[in-house]
Amino acid sequence: MIVSRRTFLAAAGGTLAAAALPAPAAAATVTELGIPLSDVLLIGGAIGPGPEGRPVMWSAASGEPAHLVSIDPKTGKTLTYQALEGAPGSYAVAVGPDGTVWVGAYGTGQLYRRKPGRNSPVENLGLPLPAETYIWRLVVDSCGVVFGCTYPNAKVFACHPDGTVRDYGTILPGFSYARSITEYGSKIYAGTQPDPHLIEIDKVTGAKRELPLPAGVSAGQTVYDLNAYDGRVYARFGVAITGRLGIWDIRGQKWGPLLDNVAGLDVSAPGPGGLVYYTRNSELTALKPATGKETGTGLTFAGRVVNNRGIGWVDLRDRDWPGPTLIGLLWRGEMFRYNPRTRKSDVRLTDVPGEPIPLASLSVGATGRLWAGGYLNGGLAQVDPSTGKPSFNRFAQTESVLDLGTTIWLGTYPDSRFYRYDPALSWNSMEYSPGSGPENPVKVVDLKDIDQVRARASVDAGDHVAYGTMPNTTLGGALVIVDKASSASRVHRPVVTDQSIVALAYASGQIIGGTSVYGGYSVPAPTQSEAKIFGFDLAADAKTFEVTVPGAKAVDGLVSAAGEIWGLAGGKLFAFDVPTRTVTRQVTVPSGTGRLAYHAGSDSFYVLAANTLVRVARSTLAVTTVVQRTAQFLAVHQDGRVFLGDNATLYRVDAI
């Protein structure tokens, strides 16, 4: 049943609250509780001359701001640690032939440069392309020209040593992501996301041509990493963690066989014997490109994420490590070394300091526990609501936490994975932070095979829990029903045509869901213009209704309050009557992407939007401004305390 625009927005036998300004601010006390999540996150990296001229490992440590760090490959000690002012982090670190270090920022699109020298500063060169907010990767040619690829217009640019910038334009019409780049001779090679295309660009003329893809590479994948050496382009097709490696023979204009289960981010330059190295099946592996013969090194990496963050050859000038030694970084600040002459290898922790982790979720559980999930480098922290003291564990990017007391359900990125965590047992994540005892949390659902990426919403549904997802490179999320006792799951997709499921509530055997017209990365472009509310009957295992929410691109929140379903969308807080599928009451609240919570003790709603926290009395729909401050996350404790998250910092709001 699709109700009309007028039916949804008008009250069915009730009274609408006028679109009035909120009442004056209440007396509220805001207390900063500090930073609940902090860890090392290295994404981009490269090997090259360091501050003293000797080879070092360069990387960008994510933070506010990020820092450009150089690390001694003999000791693992940090040599320099310089702020990248204005940048939260970088996938793109490259070193030129003269030792100049280049960094391209994600989130801001700025380009940074550090010239050779012991005390050289980091220079912020600004935006090479004013409309671009991400520089995904960088590569430097033998002349010192740095090339980059960008989002949101899938562009390639060149920055010359004299500071002039050339815009090569969008590499393929209609694309937003130019995700990978390399260069060889007179050509630039750039790869796209979400559908895979490999584009060759002439450095001088700017002429573009698309290369054929290897057999077996299909739509929905990404050309995630590119390297080029000795007349070959190495292209990894897949996702951030793993993919298939193809080798393009530039002279022969053909692909070799694909290699499965290859991690990024880079294939090494050829070393002794002409061998290149990469990680395959969690083992550092050597390849003879001319013959295709692979040889394992015996160096293996534990955990889910085993990507290198820059890999290259150095002479350690140590008799225990004779001649060229292969070195690289891992994302949590570890370094690895492998010597092909002796086959000696090791993995050791560097002393790169941790940085604050931005929040990805904030939640209060059934017993009053406060949880914070981390963005990008992930992590999960239980936080003392009074002191702000966190108990932190390394984990995935945690986008939803459903704490039911004896069991906690965690929705994570990527692959829309869902985990069951027993807080009475020791933490032991085999994927992210191995400990002792049984695995805990335990993964119960992984939706990589159906191209899902985010798990933003979850709800207690009696004998089941349910969670909703956002897709990766397509449109259309999934509704997943998990049996609490057995952890058996049922996956329903599609539920609403080409829409993600981003809000969930439960009442009388029905799951009520809210959608977004967007996918997990805002590409491809939406095919639907307005969000929906739908019902799903657990006993029948089927959708029961679907109604349009006029004018709203997303339903920001759904809650069950005093036996009613309430929603937040398009700057309206509204009561939704499930039997008649109509709105019975509504009130205007601050507009913009919002957060919604209900406090039973005061029978009030809290809405966070446009950096304004308001309280709405359910009985009268009176709106009161509580506090105005920058914040993106909201959670309400059973005792009435309200918690706000702004970037990486947690705040408590009392006396409201």
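This is a predicted model: local features need pLDDT of at least 70, side-chain atom pairs count only at pLDDT 80 or more; totals for chains, interfaces and linings use all residues.
Guide: Welcome! One definition to start with: strands here are DSSP runs of at least two residues, numbered from the N terminus.

Visitor: Thanks! Is Ser 487 buried or exposed?

Guide: Buried means under 20% relative accessible area. Ser 487 has 13% relative accessibility, so this serine counts as buried.

Visitor: Which residues does Ser 487 touch, beyond those up to four places away in sequence?

Guide: Ser 487 touches Trp 409, Arg 420, Val 444 and Val 482. With Arg 420 there is also a polar contact between the two side chains, at 2.4 Å.

Visitor: Let me try another serine. Where does Ser 433 lie?

Guide: Ser 433 is in the loop between β38 and β39 (442-445). Its relative accessible area is 16%, so Ser 433 is buried.

Visitor: Which residues is Ser 433 in contact with, leaving aside neighbours within four places in sequence?

Guide: The contacts of Ser 433 are Arg 394, Trp 427 and Asn 428. Look at the polar atoms next: a polar atom of the Ser 433 side chain lies 2.9 Å from the backbone oxygen of Arg 394, and a polar contact of 2.8 Å joins the side chains of Ser 433 and Trp 427.

Visitor: And how many Å separate Ser 433 and Asp 415 in space?

Guide: From C-alpha to C-alpha they are 19 Å apart, while in sequence they are 18 residues apart.

Visitor: Now a serine in a strand. Which strand holds Ser 400?

Guide: Ser 400 is part of strand β36 (residues 397-403). At 5% relative accessibility, Ser 400 counts as buried. Its side chain reaches the backbone oxygen of Ala 455 at 3.0 Å. Not counting residues up to four places away in sequence, Ser 400 touches several others, including Trp 409, Leu 410, Ala 455 and Ser 458.

Visitor: How should I read aromatic rings?

Guide: A pair of aromatic rings is described by the distance of the centres and the angle of the planes. A search of the whole structure finds 25 aromatic pairs. Take Tyr 134 and Tyr 151: their ring centres are 5.7 Å apart and their planes stand at 85°, so the pair is edge-to-face. Tyr 134 lies in strand β11 (residues 134-140) and Tyr 151 in strand β12 (residues 146-151), so this pair ties together parts that are 17 residues apart in sequence.

Visitor: What about Trp 566 and Phe 605: at what angle are their planes?

Guide: Their planes are at 45° and their ring centres 4.7 Å apart, so the pair is tilted. The pair links distant parts of the chain, with Trp 566 in strand β49 (residues 564-569) and Phe 605 in strand β53 (residues 604-609), 39 residues apart. Trp 566 is buried, with a relative accessible area of 0%, and Phe 605 is buried with a value of 0%.

Visitor: Which residues do ring pairs link into a cluster?

Guide: Tyr 91, Tyr 106, Tyr 134, Trp 136, Tyr 151, Tyr 177 and Tyr 521 are linked in this way. The ring of Tyr 91 also has the charged end of Arg 179 over it, 5.7 Å from its centre. Elsewhere, Arg 337 lies over the face of Trp 321, at 4.5 Å from the ring centre.

Visitor: Finally, what about nonpolar cores?

Guide: In soluble globular proteins, nonpolar side chains tend to be buried together. Here, the largest nonpolar core has 42 residues, and those with the most contacts inside it are Phe 147, Val 156, Ile 171 and Leu 410. Strands that each supply at least two residues of this core include β11, β12 and β37 (408-413). Leaving aside neighbours within four places in sequence, Phe 147 is in contact with residues including Leu 138, Val 139, Phe 157 and Ile 188. Apart from that core lies another, of 17 residues, among them Ala 531, Val 549, Val 555 and Ala 569.

Methods. Residues are numbered from 1 along each chain as its sequence is written. Side-chain values use heavy atoms; hydrogens and water are left out. Helices (H or I, at least four residues) and strands (E, at least two) are DSSP runs, numbered from the N terminus. Buried means under 20% relative accessible area, exposed over 50%, partly exposed in between (1.4 Å probe, protein chains only). A polar contact is a pair of N or O atoms within 3.5 Å; within protein, one must be able to donate a hydrogen and the other to accept it, and residues adjacent in sequence count only if both atoms are side-chain atoms. Contact means heavy atoms within 4.5 Å. Rings of Phe, Tyr and Trp (its six-membered ring) pair if their centres lie within 6.5 Å; planes under 30 degrees apart count as stacked, over 60 as edge-to-face and the rest as tilted. A charge sits over a ring if NZ of Lys or CZ of Arg is within 6 Å of the ring centre and within 35 degrees of the ring normal. A nonpolar core is a set of buried Ala, Val, Leu, Ile, Met, Phe, Trp, Tyr and Cys residues joined through side-chain atoms within 4.5 Å.
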